[in-house]
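My entries follow in the order I made them.

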Amino acid sequence: DGLVTGGNRIIATPIEGDRAVSPTAAGEPDRALRNHLVALASRVDGAQQIAADLVRIAVLSADRVGGVSYASVTSREAGAYATVAASSILAVEVDRAQYADQAGPCLEALDAAYPAVVPDIAATMTWPGFREVATRLGLRASLSIPLFAGRGTAVGALNLYSHEPSALEHLSTAVWAVFEG
């Protein structure tokens, strides 16, 4: 009941069972999000359960990660990019702008298999279509992180969007530390 589908995208609302651990409860990390990321990494590429993992990762990221306003997951389907999971139609619109230009942080993260950080969307000159749509929608920062399944190839890019320009700084630094390590 929490899913609204349309075309090649899935918009999802949080699943009650994933709310088992509050992000502030005794400083514990969010187990549900972590568990879905670990489950995705352990899946055989092409497994049917990957789609469900991607939906939950997008929704939980928007719901649980500090500073994140919206989240989506971009994947390649039949050679074309598609938003396969999103917490909001706003995230889908920003993703679509990138697909139309065949350029943007989510495509770079997916194709190059490394994070793409945009600390100030209004100041980026690299992706004008992305900048135009994202700023019109009030977004100020983004972080796209490749997601991997069993073989170690990127099966999607988790796109995190924020209304606050500095909200993703610490997360971006932590993500880059993992990829550089």
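I began with helix H2 (residues 49–64), where Ile50, Asp53, Leu54, Val55, Ile57, Ala58, Val59, Leu60, Ser61, Ala62 and Arg64 are buried. By buried I mean under 20% relative accessible area, by exposed over 50%, and by partly exposed in between, with a 1.4 Å probe and protein chains only. Helices (H or I, at least four residues) and strands (E, at least two) are DSSP runs, numbered from the N terminus.

I note that this is a predicted model, in which local features need pLDDT of at least 70 and side-chain atom pairs count only at pLDDT 80 or more, while totals for chains, interfaces and linings use all residues. Residues are numbered from 1 along each chain as its sequence is written, and side-chain values use heavy atoms, with hydrogens and water left out.

I checked the length of H2 next. Its 16 residues should span 22 Å at 1.5 Å a residue, and the end C-alpha atoms are 22 Å apart, which agrees. The expected span is 1.5 Å times one less than the number of residues.

Whole chain. I found six helices and seven strands. Their order from the N terminus is β-β-α-α-β-β-α-α-β-α-β-β-α. Of the 181 residues, 45% are buried. I take contact to mean heavy atoms within 4.5 Å. Of the contacts between residues at least 6 apart in sequence, 58% join residues at least 24 apart.

Helix H3. I applied the span check to residues 89–101: the 13 residues should span 18 Å at 1.5 Å a residue, and the end C-alpha atoms lie 19 Å apart, which agrees. At the start of H3, a side-chain oxygen of Ser88 comes to within 3.0 Å of the backbone nitrogen of Leu90. After H3 comes Gln102, with a positive phi near 55 degrees. The buried residues I listed in H3 are Ala91, Val92, Val94, Asp95, Ala97, Gln98 and Tyr99.

H3 against H4. How do the two helices cross? The axes of H3 and helix H4 (residues 105–112) come within 8 Å and cross at roughly 70 degrees. Axes here are lines fitted to C-alpha atoms, for helices over the stretch in contact, and angles run from 0 to 180 degrees between N-to-C directions. H3 and H4 are therefore roughly perpendicular, a label that covers 65 to 115 degrees. Asp95, Gln98 and Tyr99 of H3 meet Pro105, Cys106 and Leu107 of H4. I sorted the residues of this contact into four nonpolar, one polar and one charged. Ala, Val, Leu, Ile, Met, Phe, Trp, Tyr, Cys and Pro count as nonpolar, Asp, Glu, Lys and Arg as charged, and the others, Gly among them, as polar.

Helix H6. Ser172 counts as buried because its relative accessibility is 7%. Not counting residues up to four places away in sequence, Ser172 touches Val117 and Leu143. Phe179, also in H6, is partly exposed at 30% relative accessible area. With neighbours within four places set aside, Phe179 is in contact with Ala113, Tyr114, Pro115, Ile145, Pro146 and Phe148. Phe179 and Pro115 are 64 residues apart in sequence but 7.9 Å apart in space, C-alpha to C-alpha.

Last entry, Pro119. I located Pro119 in the loop between strand E5 (116–118) and helix H5 (128–136). Pro119 touches Arg140, Ala141 and Pro165, not counting residues up to four places away in sequence.

Notes
Polar contact = N/O pair within 3.5 Å; in protein donor to acceptor, adjacent residues only side chain to side chain. Parallel < 35°, antiparallel > 145°, perpendicular 65-115°, else oblique.
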